[in-house]
Amino acid sequence: MVYDFVYYTPTKVVFGKDKVDETGALLKEFGAKKVLIHYGSHHAVKSGLIARIKKQLDAEGIASVELGGVVPNPRISLARKGVELCKAEKVDFLLAVGGGSVIDSCKAIGYALFNGGDPWDFYDGTRKPAGCTPIGAVLTIAAAGSEMSDSSVLTNEDGWLKRGCNSDYCRCKFAIEDPMLTMSLPAYQTACGVTDILMHTMERYFCHAEGSHLTDEIAEGIMRAVKEAGLTLVKDPGDYDARSVVMFGSSLSHNNLTAMGNASRGDWACHQLEHELGGMFDCAHGAGLAALWPTWARYVEKRDPGRFIRFGKQVFGIDAKNAEDTIRAVEAFYRQMGMPTNMKELGIQPTDKQIDELTEKATNFGKRTLGDFMVLHAKEIHDIYTRARG
C-alpha cells in the first residue's frame, strides 16, 4: 500500500550545458544583495569558474565576498569563520560552488547567521533551527544530493565528531546542475559520487517496514540508470549523457522521493557508521560507504533475504538465488568502479581500541541505536566494524 506522506521539494533546479551562466539572474530573482561565494579547493579559482560567476553578479549589481577552503568531511571551524565574515560583510545570501561538502558548510553558516549563536549547536542537538539564510548551489560534483535535501553533515575537530542536522529551512532556493562542470573530476571522485548516490537510494530501499510498489520501481530505475552511467564513465569520463544521469540522479536520490509512500524513511545505519569512520580517518564518504556496506549486508540479510534477491534481479540484472549472490554482485560493481569493499581495501586498519571508539561515537555515547532493516545496538555495531576490517 501507499502510506500517507508529505513530499516537499521547493528547490528550483536549472539543468543543462552552460546553465552556470544563469547564476547572476537566479540570485537577482531570489533577492540577493550581497552574496558569500563559498567553495572548496583552489581549482574553482584556477579554472576560472569563480571569476565567471562573479562577472555575472557584477552585471546584476550584486556584491560578493569569497571564502574557500572547504574540504571533504567539512569542518565546523570553517563554518564559524564564514559566520563571522558574513556578519562583518552584511551578507544576505549564500552561494555554494562545489559539491555536498560546500553546500553543507553553507547550511551550517546559514543556520548560525539566521538564528545566532554557534553553528555546532544545531549539529549536536543543543538547539533546533528556526530558519536559515537563503542558499543557492552551483554543482561541480554529483554525489551528496545536498542541493535538494533537508540535511547537512559537519565534522567537529574537537573530538572529531561527525554529526548531521535535518531541517526544511536549509533547502536550497535554487540549484544549477551543469554536467559540463563535472567533466574534469578525477575518476576516484566520480566513483565516490556514484557510490554515494546509490547508497542514498539503498538506505531508503532497505527498510524493514512495508513499502510502496511504485516507490520501489522508481528507486530501482534510478539505481539502474546511475549504476550503468557510472560504468560508462569508467571507460569514457567525457560522456555527457552519463554525466547528466549521475548529476540528476544525485538530486533524485536524496530529495526523499524514493521514500515516499513507505512505512519507513529508511535504514541509514551504513551512513551513520561511515560518519564515524570519516570523522576518525577523514576518508572519502562514498569510499567509506562502499567499504562498510557488504559487511552490513551480510550481517542483516537474514531479516529479509527476499529484499536482497529482488535488488539483485531488478538493479543488477542477475538471477539471484539468495542474498549472497546480490552482495557479491555489488562488490564486483564497487571494484569495477575502483571502490573498496572493506576497510583494508580503503587503506585503513582500525585498532581494537579505535573500533571501541567508533562504536561509542556511533551510538552517540550510548544514547541511540542505528538502523531500521535490523536495529543495531552497540554489540552489533562493534561486530560490523570489526568484520569490515577485511
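This report walks through the cysteines, the cavities and the salt bridges of a predicted model.

## Cysteines without partners

Let's start with sulfur. A disulfide is a covalent bond between the sulfur atoms of two cysteines. How many disulfides does this model have? The count comes to zero.

Take Cys86 as an example. Its closest cysteine sulfur belongs to Cys106 and sits 8.1 Å away, which is too far for a bond, because a disulfide needs the two sulfurs within 2.5 Å. Cys207 is in no disulfide either: the nearest cysteine sulfur, in Cys270, is 14 Å away. As for where these two cysteines sit, Cys86 is buried at 1% relative accessibility, and Cys207 is buried too, at 6%.

## Holes inside

Which residues line the largest cavity? They are Ala142, Thr182, Leu185, Thr190, Arg243, Val246 and Met247. Sorted by type, that lining has four nonpolar residues, two polar ones and one charged one. Helix H8, residues 240-254, gives the most to the lining, with three residues.

## Salt bridges across the chain

Side chains of opposite charge can pair when their charged atoms come close. In this model there are 26 salt bridges.

One of them joins Asp118 and Arg80, with 2.7 Å from N to O. Asp118 is in the loop between helix H5 and strand S5, while Arg80 is in helix H4, so this pair ties together parts that are 38 residues apart in sequence. Are these two side chains buried or partly exposed? Asp118 is partly exposed at 25% relative accessibility, and Arg80 is partly exposed at 32%.

Another salt bridge links Arg307 and Asp216, again with 2.7 Å from N to O. Arg307 belongs to helix H11 and Asp216 to helix H7, so the parts tied together here are 91 residues apart in sequence. Arg307 is buried, with a relative accessible area of 13%, and Asp216 is buried at 7%.

Arg298 is in helix H10 and Glu331 in helix H12, so the pair connects parts that are 33 residues apart in sequence. Arg298 is partly exposed at 34%, whereas Glu331 is buried at 12%.

Which residues share this network? Salt bridges with shared partners join Arg298, Glu324, Arg328 and Glu331 into one network.

Methods:
Residues numbered from 1 in each chain as written. Predicted model: local features only at pLDDT ≥ 70, side-chain atom pairs only at ≥ 80, totals over all residues. Heavy atoms only, no water. Buried < 20%, exposed > 50% of the residue type's maximum accessible area, 1.4 Å probe, protein only. 1 Å grid on protein atoms, 1.4 Å probe; cavity = no way out; pocket = protein on both sides within 12 Å on 5 of 7 lines; lining within 4 Å. Helix = DSSP H or I, 4+ residues; strand = E, 2+ residues; numbered from the N terminus. Nonpolar A, V, L, I, M, F, W, Y, C, P; charged D, E, K, R; others polar. Salt bridge = Lys/Arg side-chain N within 4 Å of Asp/Glu carboxyl O.
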